[in-house]
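Colleague: Hi! Could you walk me through this one while I look at it?
Modeller: Happy to, just ask away.

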Amino acid sequence: MPSIDLSNRRGLGNMAFVIEYTRGFFDAAYEQQIMGLYGRPVVGRRFEPIGSLRSRSIVDFVRCSYLGLDNHPAIVAGAIAAIRDYGSVHWSCARTRLNFGLLGDLEARLSAMFRARVIAFSTVMVANMGALPLIASGALTGGEKPLVAFDRLCHASLAHHKAVVAQETEIVTIAHNDVQALEELCRTRKQVAYVADGVYSMGGSAPIPALIDLQQRYGLFLYIDDAHGISLFGDKGEGYARSHFPDEIGSRTIIAASLGKGFGASGGILMMGTAEQEKLFRSHAQPYVFSAAPNLAAVGAGLASAALHDSGELSRLQSDLAARVSCFDDRIETRQRRTPLPIRMLSIGEEDAAIRAARRLLDRGFYTSATFFPTVARGKAGIRVCLTAAHSHAEIEELCQAIEDVVPGHDSALPTSATRSDAISPNRYVGDVPASLADRLSYADTEEWGA
Ligand SMILES: Cc1ncc(COP(=O)(O)O)c(C=O)c1O
């Protein structure tokens, strides 16, 4: 293992490399029409693409609306009713000035359901943009700036902010789910904040119980982006991360989540534990102060979805999803098999092969995501399948048949994002870390960005 060069403190963005390396893959993917499709909904998970693929109804396994709520009539009606009632979609002012009353209603309702103080943003990426500099400032850790440790596979919407965080405090990138490395940091540093996904968009999840254990023993501050975990777990759909925590979230955890994936509306939220934190975010989170609020269609949809989450329909949808996931797992071997999450990755290897496989599946009537660098590691391309409660068993069986026919060589043992180990980093920032940790802190590798 190469040891870390601790003198390397330059912020070496690597976007130029990424563009150069991936341009051909994107060109091929667009040419094969497996990227950038436009379409209209048909029924259930089917859509009709616009353009040269027209006239074919395709079953979608790309969208992350895991409970199938994104076209639920009650949610659509909620959006329409909100706009009608207020006669407006958008008020052009920062949230520190004037807010739609319904936005306050949405935050209050989600706060009660998720047993946290909830602030809504227009997307999760925007919520992350607001939160990470505040964590770096030390304002959430008693005025003392923490060392901020990013999980190496954390989503692009987190990793993107490394430069800003590094301007404020020291940062390190640690190997995926490396609780031992994190514990060593906690032992040697007074304040450590860990930034990770709850459910990873390319498969797998954070070891939340082990992280809570570190928090209890060392005071580790946790920032968990559970964009993909919300709605799928918990009595009220509070999500993968939140449902691991006891009643009170406390003062050392903030959870981000999406209102636009499993939740079926639009936007992002932060769940936090204390009134002081809420006050801080409502006065100093940059997008809160300097950018617009979620629009009213999103708010109305969010309130309608909250009502569904507060009803018996949620647990029915959660079990429908579990049944669909197990239907897929009965036929197709993946590294995620028999885990309760709805994301499945077929490992293929070469990027071109993954693009061709996605096109063959599309020709059979199934739209899946070809995943390649920078979404996953170089040479570890594959196909992502997002299963939802709204797929019929027949659609899943037919997809499995198509996978067996046209992607027979996918290798469930081939690592995708979770265990990769090659290349160059788009985000090289190294803090002053103990030398004993050097071989476990990845800074000179290509980081995947998720999707
Ligand atoms: C962990 C994570 N966070 C954030 C996002 C982006 O969410 P949004 O589209 O609301 O910005 C994603 C995207 O899929 C994600 O996987």
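Colleague: At roughly what angle do the axes of helix α3 and helix α11 cross?
Modeller: The axes of α3 (residues 101-114) and α11 (residues 296-309) cross at roughly 30° and come within 9 Å. Axes are lines fitted to C-alpha atoms over the stretch in contact, with angles from 0 to 180 degrees between N-to-C directions. Helices are DSSP runs of H or I with at least four residues, strands are runs of E with at least two, and both are numbered from the N terminus.
Modeller: Before we go on, this is a predicted model: local features need pLDDT of at least 70, side-chain atom pairs count only at pLDDT 80 or more, and totals for chains, interfaces and linings use all residues. Residues are numbered from 1 along each chain as its sequence is written.

Colleague: Which residues in α3 meet α11?
Modeller: Among them are Leu102, Leu106 and Met113 in α3, while the α11 side includes Val299, Leu303 and Ala306. Contact here means C-beta atoms, placed from the backbone, within 7 Å.

Colleague: New topic: in what order do the strands of the open sheet run?
Modeller: Seven strands line up as β5-β11-β10-β9-β8-β6-β7, with mixed pairing. Two strands pair if DSSP finds at least two bridges between them. At the edges, β5 (117-121) and β7 (171-174) each pair on one side only.

Colleague: And how many bridges join β8 and β9?
Modeller: Five, in the parallel sense, between β8 (residues 192-197) and β9 (residues 221-225). Tyr194 stands opposite Leu222 in β9.

Note on methods:
Contact = placed C-beta atoms within 7 Å.
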